[in-house]
Amino acid sequence: MSLFSFFSFLPIILLSTACSDKIDRFTRISLVEASIDGLRLAFKQNKLTSREVVAIYLERIQRLNPILKGVIEVNPDAFELAEKADHERRIKAPISLSKLHGIPVLVKDNIATKDKLNTTAGSFALLGSVVPRDAGVVTKLREAGAIILGKASLSEWSFARSDGAPAGWSARGGQGVNPYNSKATPCSSSSGPAISTAANLVTVTLGTETDGSILCPSSLNSVVGIKPTVGLTSRSGVVPFSRHQDSVGPICRTVSDAAYVLDAIVGIDKYDTATIEASKYIPRGGYAQFLKRDGLKGKRIGIVRHPYFEFNFTVLNQTFEQHFQTLRQEGAVVIDHLKIPNIDEIMAAQSEKTATVAEFKMALNAYLLELETSPVRSLADVIDFNNKNAELEKVKEYGQGRFIAAEATNGIGKAEKEAFANMVRETKCGFVKLMTEYKLDALVGGSGSAFPYTYFSQILAIGSFPGISVPAGYFDEYVPFGIFFGGLKGSEPTLIQIAYGFEQATKVRKPPPFK
């Protein structure tokens, strides 16, 4: 069901919800900045039901989404799922003990749901396609009792189609808008989850990242995003880009909420073999145990000034110097003026592009062939669909150059093998060498001269490493920016400690100017 057809009868649903002795309480409820812990406490104290939470979020989506375009589609079964959660809570079903039980979640529109929602990567080419099953992470969300509220918008095909389209645009979803400043970019392909979380259209969201697509929109929409170690979360049922780099992770308003969501979605999935190897990194007892106020104490954190802190704006330089001091005051051992010896080589190299372009064609073709029904069955079909529906897909304005380049590839040949080998070498001689030589727990990063975008995600992407973005400040006319922490594979527990310690010491995040 489309977002707009759903809203045509949403007022009737809201009216039926409000026609009770709870109408006064319902109209006074605000979910702005509501956290998972806050909602669970309200459930426990019988001050709020999941049905009421869903109704409030849907009203907010109805009111703000025509401006922000952070949501492509809402789930017509959302109220039914909420009532099921309320019933489970009343009878004290075991599932009701889960942190995510009864909590609404939006998932990016490239993450499959086997329900009445579409999974289209923002493209009309996939509208009406039928997925064989829930994505692995969606299965885990449902097992945790979460409510799939709908699909968040994205940069179409996760930016795999063209360099020409603006961040946050898709044919189905339109142009996503940064809720803090409409002139600022929402950044990268998981823009919809970041917009929706920032603007309080939902409690928590899921995004995906190949290179920067969780970290950058989280930074520029003043939310927390975790890009996990590749394979820690399943990629099955996700419209793919690169099997070596794709990762699914939470985008939330707080580090706590992000840790809770990560706890729910990690683990082995038989449809993604990478999860078997990565499962060794999952800590016994989960990630929430690392939400420690003194999480920065004793952590060795490295600062690489070039290129991550070479800002063109004085206020950014000053803000990050203050944050470095905060890290020290909170007990971190900060090692400054470090260098990644081959960073310029990494940034200039074409290895990542060469490898991912070829991977994309192979992975997408495999994904499309697995669909139960679909208007398209190959990348070539998608290109043809776009040409035949050029006005609908804005081909003249934005092109499909990346698609055409990918279609011209022919599997993993000599050039692609060299590209993968180069990335392994660059990673070993660069980031890994720095982290091990100085015994670092994390490297801290900023956008540098690329602001508002970021260079930092690249070194994490090519090595399949994890990273986290935390709100760090607001620049010129209320444009948010974040601070990044990255580490070696499996370092999520340490990164969560560092991020939580920083968040609690600074408490930078402010909601956007929407009511």
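Trainee: Where does Thr427 sit?

Mentor: Thr427 is in helix α19, residues 414–437. Helices here are DSSP runs of H or I with at least four residues, strands are runs of E with at least two, and both are numbered from the N terminus. Keep in mind that this is a predicted model: local features need pLDDT of at least 70, side-chain atom pairs count only at pLDDT 80 or more, and totals for chains, interfaces and linings use all residues. Residues are numbered from 1 along each chain as its sequence is written, and side-chain values use heavy atoms, with hydrogens and water left out.

Trainee: Is Thr427 buried or exposed?

Mentor: Thr427 counts as buried, because its relative accessibility is 9%. Buried means under 20% relative accessible area, exposed over 50%, and partly exposed in between, with a 1.4 Å probe and protein chains only.

Trainee: What does Thr427 touch, leaving out residues up to four places away in sequence?

Mentor: Val432, Lys433, Ile462, Gly463 and Phe465. Contact means heavy atoms within 4.5 Å.

Trainee: Which backbone oxygen does the Thr427 side chain reach?

Mentor: That of Met423, at 2.8 Å.

Trainee: And how far is Thr427 from Pro452?

Mentor: They are 25 residues apart in sequence and 25 Å apart in space, C-alpha to C-alpha.

Trainee: New topic. How many cavities of 30 Å³ or more are there?

Mentor: The structure holds 2. A cavity is a set of points on a 1 Å grid over the protein atoms alone where a 1.4 Å probe fits but cannot get out; lining residues have an atom within 4 Å of a point. Points are joined across faces, edges and corners, and the volume is the space filled by probe spheres set on them.

Trainee: What lines the largest cavity?

Mentor: Ser155, Glu156, Phe159, Arg161, Ser162, Ala165, Pro166 and Trp169. The volume of this cavity is about 50 Å³. Its lining has 4 nonpolar, 2 polar and 2 charged residues.

Trainee: Now the whole chain. How many helices and strands?

Mentor: The protein chain has 21 helices and 13 strands. Of its 515 residues, 63% count as buried.

Trainee: What does the C-alpha trace span?

Mentor: About 65 × 55 × 45 Å along its principal axes.

Trainee: And how much of the contacts with a separation of 6 or more comes from residues 24 or more positions apart?

Mentor: Such residues account for 77% of them.

Note on methods: 1 Å grid on protein atoms, 1.4 Å probe; cavity = no way out; pocket = protein on both sides within 12 Å on 5 of 7 lines; lining within 4 Å. Nonpolar A, V, L, I, M, F, W, Y, C, P; charged D, E, K, R; others polar. Polar contact = N/O pair within 3.5 Å; in protein donor to acceptor, adjacent residues only side chain to side chain.
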